[in-house]
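Have a look at it first, then read on.

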Amino acid sequence: MKPVRLIVVGQAKAPYFRDACSHYLEALRRYLPAEEGIVRDGKSADPIRRKAEEAKAVLARLSPRDFVVVLDEHGRSLA
């Protein structure tokens, strides 16, 4: 079985974010293989370019057969 991959942009700076990532990875690993992948923050000072750099790095980690779920604090809830 292919592992669930949690791909994050940049290292979590706040301890509670690091703890949350660890918590969810541990919970997932009880049921299926899971791993974390970290993509470096974009280097551009322009926020639009920085997001484009980060998006390109994330997309490079994906294969055509991957099923992608995006978690974003400004995203739409599907529940």
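## Salt bridges

A salt bridge here is a side-chain nitrogen of Lys or Arg within 4 Å of a carboxyl oxygen of Asp or Glu. This is a predicted model, so local features need pLDDT of at least 70 and side-chain atom pairs count only at pLDDT 80 or more, while totals for chains, interfaces and linings use all residues. Residues are numbered from 1 along each chain as its sequence is written, and side-chain values use heavy atoms, with hydrogens and water left out.

Searching the whole structure turns up three salt bridges. Lys2, Arg5 and Asp66 are linked in a network of them. Asp66 meets Lys2 at 2.6 Å, N to O. That pair links distant parts of the chain, with Asp66 in the segment after α2 and Lys2 in the segment before β1, 64 residues apart. Asp66 also bridges to Arg5, with the closest N and O atoms 2.6 Å apart. Arg5 sits in strand β1, so this pair ties together parts 61 residues apart in sequence. (Helices, H or I with at least four residues, and strands, E with at least two, are DSSP runs numbered from the N terminus.)

How covered is Asp66? It's buried, at 18% relative accessible area, whereas Arg5 is partly exposed at 29%. Buried means under 20%, exposed over 50% and partly exposed in between, with a 1.4 Å probe and protein chains only.

The remaining bridge joins Lys13 and Asp41, whose closest N and O atoms are 3.4 Å apart. Lys13 is in the loop between β1 and α1 and Asp41 in the loop between β2 and α2, so the pair ties together parts 28 residues apart in sequence. Lys13 is exposed at 62%; Asp41 is partly exposed at 37%.

## The aromatic pair

There's one aromatic pair in the whole structure. The ring centres of Tyr16 and Phe17 are 4.7 Å apart and the planes are at 55 degrees, so the pair is tilted. For the record, rings of Phe, Tyr and Trp (its six-membered ring) pair if their centres lie within 6.5 Å, with planes under 30 degrees apart counted as stacked, over 60 as edge-to-face and the rest as tilted.

Tyr16 is exposed at 57% relative accessible area, while Phe17 is partly exposed at 47%. Phe17 belongs to helix α1.
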